[in-house]
Amino acid sequence: MNMSQYIKNFPAEEVVNLAEQITVRPGEIASKTLAQNDAVSITLFAFDQGEEISTHESVGDAFVTVLEGVGEYTVGGKKYEVRAGESLVMPANVPHAVYGKEAFKWLLVVVFPKGFGN
């Protein structure tokens with residue numbers, strides 16, 4: 001089976017540094033979608049310092065892993081500082097927001113319930 005039909009914008013059968021697959025751009029939030037379907041969404045993000053995504057909710061559980069730098073995630077009103085190599089789960093239907101305490105890169109994996117027959 002050719003997995004590149006499910007995962008895009010990413011080299012297949014090649015060992016790569018995940019953080020090198022996206023670049024921080026001054027004053028911007030950069031994103032690169034790697035997979036998107038009814039079951040899962042996988043996206044790389046690069047935030048410049050001070051950039052943010054305001055409070056919102058997702059119908060799926062959101063699993064984040066910081067690749068470089070430090071991000072601040074607010075989940076259900078509580079702030080979490082997440083550093084390179086650390087991960088956090090933001091549960092489905094809980095309001096959350098993301099802020100770049102400094103320039104940082106992170107991977108977001110959202111698992112959706114309807115993709116599993118619900």
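Predicted model: local features only at pLDDT ≥ 70, side-chain atom pairs only at ≥ 80, totals over all residues.
**Stop one: the rings**

Start by showing the side chains of Phe, Tyr and Trp. The model holds seven aromatic pairs. Now select Phe45 and Trp106, and look at how their rings lie against each other. This pair is stacked, with 4.6 Å from centre to centre and 15 degrees between the planes. A plane angle under 30 degrees is what counts as stacked.

Phe45 belongs to strand β2 (residues 40-47) and Trp106 to strand β9 (residues 104-111), so their pairing ties together parts that are 61 residues apart in sequence.

**Stop two: the backbone**

Switch to a backbone view for the next two residues. Most residues other than glycine have a negative phi, which makes a pair of exceptions worth a visit.

Go to Glu13, in the segment before β1 (29-36). Its phi is positive, at about 55 degrees, although Glu13 is not a glycine. With a relative accessible area of 86%, Glu13 is exposed.

Then move along to Asn93, in the loop between β7 (87-90) and β8 (96-100). Here phi is near 65 degrees, again a positive value in a residue other than glycine. Is Asn93 buried, partly exposed or exposed? Asn93 counts as partly exposed, at 49% relative accessibility.

How values were computed
Residues numbered from 1 in each chain as written. Heavy atoms only, no water. Phe/Tyr/Trp six-rings, centres within 6.5 Å; stacked < 30°, edge-to-face > 60°. Helix = DSSP H or I, 4+ residues; strand = E, 2+ residues; numbered from the N terminus. Buried < 20%, exposed > 50% of the residue type's maximum accessible area, 1.4 Å probe, protein only.
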